Amino acid sequence: MSDALLAVAEAPPAAIAPRADSLLRFFTCGSVDDGKSTLIGRLLYDTGSVFEDQLEALERDSKKFGTQGDNLDFALLLDGLSAEREQGITIDVAYRYFSSKTRAFIVADTPGHEQYTRNMATGASTAELAIILIDARKGILPQTMRHSYIVSMLGVRHIVLAVNKMDLVDFSKAVFDRIVAEYRAAMSELGFESIISIPLSARDGDNIATPSKRTPWYHGPTLLGHLDTVDPSFADRSDAAFAMPVQWVNRPNLDFRGFAGTIASGKLRPGDEIMVLPGARKSRVTRIVTSDGDLPEAGAGQAVTLTLADEVDCSRGDVLAATLHRLTPRRALTARVLWMIDEPMTAGREYIIQHATASANAHVATLHYVIDIESFVQKPADALAMNQIGLVSLTCDKPLIVARDRGDRELGSFILIDRLTNQTAALGVIDLDAASALEAAAMPADSATPHSPGIFTRIAGAPGSPERARFRQELMVGAPLAAALGLLAWAISASLPAGIAVALADIVARPALRATVKPAPASPDDTIDPGAGI
Amino acid sequence: MMRLSHLQSLEAESIQIFREVAATCEKPVLLYSIGKDSAVLLHLAMKAFYPAKPPFPVLHVDTTWKFREMIEFRDRLAKELGLDLIVHINQEGVKAGVNPIDSGSRLHTDVMKTQGLKQALDKYGFDAAFGGARRDEEKSRAKERVFSLRSAQHRWDPKNQRPEPWRLYNTRKRPGESFRVFPISNWTEADVWDYIARENIPVVPLYFAAMRPVVERDGALIMRDDERMPLLPGEVVQNRMVRFRTLGCYPLTGAVESSAATLPDIIAEMRASRASERQGRIIDHDGSGSMEAKKQEGYF
């Protein structure tokens with residue numbers, strides 16, 4: 001048998017020591033000419049990740065396009081598109097890969113120009129850590145604020161403030177301290193978990209891989225030292241309750257029906273009870289199927305195929321979850337949205353929303369305000385233009401299963417797609433806190449108690465809410481019906497008070513019944529609608 | 001808490017991409033080039049849909065100048081895995097006598113590979129084609145999205161790529177447009193070999209060092225795989241201990257001298273290497289922007 005052809009991998013894999021076992025995804029951003037590409041080029045170079053033939057090409061290109069005189073222009077290692085090399089700027093996000101002794105890294109090098117903000121957001125959205133680069137001569141610029149805001153919005157929690165070009169300010173401690181203090185003060189409301197500041201010269205390599213002799217006053221880690229040891233894990237993701245958006249239904253034959261998807265949070269074992277959302281149909285997991293055999297357990301981030309004990313109705317876009325604790329089905333969403341196409345967004349327009357594996361039609365109900373992301377000030381606006389961020393309320397034509405926690409990347413984020421051009425028009429981050437704040441603000445002072453609405457509010461809905469509008473509508477339809485019912489009761493019982501009582505009971509009981517039977521929606525317009533996800 | 005290992009998280013990302021295409025595109029196809037990246041790609045596809053077979057065929061665009069061992073390997077693997085394998089050859093190119101030796105690498109690659117691929121995609125009406133390209137291979141690939149939209153003429157517009165935030169892929173397109181989809185975008189050469197070892201994935205034996213007949217040409221070691229490659233004056237075929245880091249058309253693929261005959265040897269050699277894997281690829285050296293230009297024209 002000539003099986004040897006296929007069976008070449010005979011050596012036991014155990015003979016190979018694993019390379020770096022953990023993976024860190026980070027990205028760099030800064031203003032034009034801050035030296036982002038130079039910094040990454042330097043990281044690649046200092047970790048020995050630039051190959052000799054690439055180095056030769058770099059030498060050639062440095063002479064041809066370089067901006068560093070006779071020195072190597074590390075930026076040319078990264079700017080891969082012809083237009084970028086011609087113009088000496090970064091247009092699109094570039095991904096680079098390198099390893100230290102302990103870690104593998106994926107770096108997204110992102111453009112600083114405002115017109116390419118959408119590309120920057122692409123790079124930031126998968127990063128666990130961001131390096132915000134600052135030119136020591138210029139200090140904090142409007143772009144620094146813009147980038148930091150976007151980073152925070154996209155769910156990055158760890159920041160390295162890289163104060164670059166320290167060689168051009170004589171490695172001044174005073175300059176460094178002033179920039180760091182200003183940055184920390186400016187970022188206080190963005191909720192970063194850690195901000196580590198490092199004085200650098202990317203061009204010369206100071207504090208990149210080895211501590212610089214030129215900054216004797218600095219005692220913190222080098223950049224590489226920090227990247228090697230930082231723990232950016234989203235601890236809550238695997239400790240949270242199990243949730244998995246169904247991506248694809250696997251039906252190879254009549255005997256097998258599996259639900260394939262990537263686990264968004266929590267852990268799962270065969271035998272666990274789950275429900276299918278929306279609709280809360282209940283079942284139990286029987287198997288976690290993989291080609292390497294069934295798994296005894298699976299956790300957040302793993303791509304799995306599950307089988308269930310019952311023939312429940314379940315398809316792409318549904319979410320399998322252990323409890324409703326951290327999830328909520330919503331048609332009405334309030335979100336911070338980054339607009340990414342030329343044609344501005346205005347209230348009244350419709351887009352396709354894609355959220356986890358579900359998609360729906362989304363109507364823009366309200367543009368509450370635009371955020372000036374250089375000062376973080378909210379301003380009223382009629383339209384959201386390209387590269388602007390605004391707080392928007394959307395109404396979807398079916399409920400989406402969204403995370404209650406802020407910053408949940410799997411079930412708290414979405415994109416909007418333009419129906420005509422198919423362009424990705426916006427990315428959005430659902431903000432339930434903002435939604436509650438808006439609701440509270442919309443209520444008059446006497447009934448502004450969002451957590452314990454009065455009996456009338458529970459029956460009739462908050463003033464100005466769709467619930468209240470529905471109540472008013474029911475009253476208009478219901479009043480004549482109730483009157484007719486009352487007349488009928490009067491005729492039968494020959495008692496006027498009895499007739500009035502029946503009519504009143506009818507008019508109050510219908511909406512009251514609705515308010516109590518419904519599982520206390522968090523937002524007025526929410527309904528759990530079985531089967532709506534099909 | 002449980003944090004996935006490096007390879008586990010790359011694998012999960014790739015499987016998610018495969019399933020997204022299966023769920024949202026009408027007629028996907030997996031482009032299979034027989035190399036190590038294709039081997040990993042195919043393995044991931046088998047995993048993504050298990051116990052079902054991948055719900056799409058496998059396409060090999062054959063330039064007729066692949067190493068014989070590659071073709072043998074392809075046919076055997078397709079049979080063993082029960083794959084729906086489509087082999088497409090640009091017959092117009094064959095009739096016109098295009099070949100890597102007389103026509104030059106640029107014309108040969110354009111006609112037999114790029115045009116051949118477009119022909120096949122149009123012929124079968126595929127609307128999404130998986131490819132094994134990795135961002136660490138080349139600078140313009142480093143810039144490409146996972147879902148790369150191509151016009152009805154198969155062109156890539158690098159200045160106008162769709163944003164691709166989180167893992168939300170916009171898979172909508174107009175009739176005639178298609179996607180190139182790169183599930184192993186974020187893998188490096190080292191990851192590919194570590195995964196091949198971990199999963200025991202079969203690869204073409206040409207990756208392992210053996211005595212092979214080679215000639216030195218323009219600084220590269222070219223294996224004379226059959227009689228179609230004429231020897232230039234002064235060239236002598238020598239048997240040397242060599243292996244290949246990448247596989248393509250044999251007259252365009254340089255071997256490296258190596259004694260790495262097993263997977264652990266290869267991995268050890270690669271970790272110590274100071275040259276990038278595409279060093280042996282003659283088609284990449286037509287100028288720094290050459291891959292970008294080829295990609296815009298529809299090359300993978």
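Two strands pair if DSSP finds at least two bridges between them; strands (E, at least two residues) and helices (H or I, at least four) are DSSP runs, numbered from the N terminus.

## About the model

This is a predicted model, where local features need pLDDT of at least 70, side-chain atom pairs count only at pLDDT 80 or more, and totals for chains, interfaces and linings use all residues. Residues are numbered from 1 along each chain as its sequence is written, chains are lettered from A and ligands numbered from 1 in the order in which they are written, and side-chain values use heavy atoms, leaving out hydrogens and water.

## Strand 9 of chain A and its neighbours

Let's start with strand 8 (residues 248-253) of chain A, which pairs with strand 9 of chain A in the antiparallel sense over four bridges. The two form a hairpin with two residues between them, and A:Asn253 stands opposite A:Phe256 of strand 9.

Strand 9 of chain A also pairs with strand 14 (residues 303-308) of chain A, again antiparallel over four bridges; here A:Ala260 has A:Thr305 as its bridge partner. Six of the seven residues of strand 9 (residues 256-262) are buried, so the strand is largely enclosed by the rest of the structure. Buried means under 20% relative accessible area (1.4 Å probe, protein chains only).

## Two helices of chain B

Helix 1 (residues 6-24) and helix 6 (residues 189-199) of chain B have axes that come within 11 Å and cross at roughly 95 degrees. The axes are lines fitted to C-alpha atoms over the stretch in contact, with angles running from 0 to 180 degrees between N-to-C directions. Helix 1 and helix 6 of chain B are therefore roughly perpendicular (65 to 115 degrees).

Terms used:
Buried < 20%, exposed > 50% of the residue type's maximum accessible area, 1.4 Å probe, protein only. Parallel < 35°, antiparallel > 145°, perpendicular 65-115°, else oblique.
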